[in-house]
Each structure stands twice: as structure tokens, then as C-alpha cells.
Amino acid sequence: MTVMENNYGIHWFRRDLRVAGNLALKYNWEKSKGKVVGVFCFDSKFLSRPDMSYNRFQFFLNSMMELRKELNKIGSDLLVLDVGPQDAFSDLFSKLSKNKIDLPSLVTWGRDYEPFAKQRDKKMFKFFSEQDVKTYTHRDHLLIESDELTKNDYTTV
């Protein structure tokens, strides 16, 4: 017998650390009837960035605490995992299965357009598909995505 039916979702927080206005989270919330857990993968490479300062890191930590508070207000929570997403979700799904907890029915996130991020997301789409977990992404920090811009001949820019 499972502890939790898989009618819950996970929202993978990345750049957009908001609840209000986060359209991928909203989609998950609607599909999962409000049963959504937030996940943030805190990759240690983040700290080794040349533009990382004490103040920037403190701002990041404060943002994470505020995000957790916002999620708590709507009956959810934030799970912060201290590895990159491939290892984080693999380990999380393994632990859920080991404890006889169904995997989520849906994982959502905001799209990232950097070449590294596109490669990472391609791997994650494959991983979730192999786990039979549906995914949904929504635009993140761009008002217009590159495939939405067309020239006069209707080819993309």
C-alpha cells in the first residue's frame, strides 16, 4: 500500500523564485489540485562562480527563506537539495520508491535558454520520461521566446 497517491506534483524552482506569477507552478497547482511540493537543487558550483559575493549569497538565502514562507502559506513546502538536478531527482525518486511513496504525476519548471541549461533540461526530460512522470515547462524570464519571433517570410529569427 502506498502512503501517498501520485496525484501530487513537484515544481522545480530555478530562476523564478516566486509563487505569485509563476505560470509553470500555477499549471502544476491546477493539475495536482493544490498538492505541489517545491524543489530547489542547490548545486555547489553556484558558490564557485566568479560573480558570487557574500551579499549575493545572503540575498539568495533570504530569497529561499521567503519562498519557503510563501509556499507554507498555501499549504506546501520547499525541499532544498544540495546537488545538481540529475543527482537530486534520481536520489529523491529512489528514496520515494524505497519508502513505497508513488512518484509525482507531474514535474514543472520555468524554461531556461542558456546552452548549458538546454542540455541539462534535455537530460531531465529524458529522466522524467523514463520514470513515467509527465513534465510541463513555461516561459520564464523572457517576454517573447525566440521561436515566437518571425521574419516577414514567417521563418524564425
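Leaving aside neighbours within four places in sequence, Asp 121 is in contact with Trp 12, Arg 14, Trp 109 and Asp 112. The model is predicted. Asp 121 lies in helix H4. Its relative accessibility is 6%, so Asp 121 counts as buried, the limit being under 20%.

Phe 13 is also considered here. This residue is found in strand E1, which spans residues 9-13. Phe 13 counts as buried because its relative accessibility is 1%. Beyond its neighbours within four places in sequence, Phe 13 is in contact with Arg 18, Asn 22, Leu 25, Gly 38, Val 39, Phe 40, Leu 67, Leu 71 and Leu 78.

The largest pocket has a volume of about 980 Å³. Its lining comprises 29 residues. Phe 40, Cys 41, Asp 43, Phe 46 and Arg 120 lie nearest the centre. Several elements each supply at least two lining residues: E1, strand E2 (36-41), helix H2 (54-73), helix H3 (85-98) and helix H4 (115-130). The largest share, 6 residues, comes from H4. By class, the lining has 14 nonpolar, 11 charged and 4 polar residues.

The count of salt bridges comes to 11. One of them joins Asp 16 to Arg 18, with the closest N and O atoms 2.6 Å apart. Asp 16 is buried, with a relative accessible area of 13%. Arg 18 counts as partly exposed, at 40% relative accessibility.

Helix H2 holds both Glu 66 and Lys 69, 3 residues apart, or about one turn of the helix. These residues form a salt bridge, and their closest N and O atoms are 3.3 Å apart. Glu 66 is partly exposed, with a relative accessible area of 42%. Lys 69 counts as partly exposed at 47%.

A further salt bridge links the side chains of Glu 130 and Lys 126, at 2.9 Å from N to O. Both residues lie in helix H4, 4 residues apart, about one turn of the helix. Glu 130 counts as exposed at 53% relative accessibility. Lys 126 is exposed, with a relative accessible area of 53%. Elsewhere, salt bridges that share partners join Arg 14, Arg 15, Asp 112, Arg 120 and Asp 121 into one network.

Note on methods
Residues numbered from 1 in each chain as written. Predicted model: local features only at pLDDT ≥ 70, side-chain atom pairs only at ≥ 80, totals over all residues. Heavy atoms only, no water. Buried < 20%, exposed > 50% of the residue type's maximum accessible area, 1.4 Å probe, protein only. Contact = heavy atoms within 4.5 Å. 1 Å grid on protein atoms, 1.4 Å probe; cavity = no way out; pocket = protein on both sides within 12 Å on 5 of 7 lines; lining within 4 Å. Points joined across faces, edges and corners; volume = space filled by probe spheres on them. Nonpolar A, V, L, I, M, F, W, Y, C, P; charged D, E, K, R; others polar. Salt bridge = Lys/Arg side-chain N within 4 Å of Asp/Glu carboxyl O.
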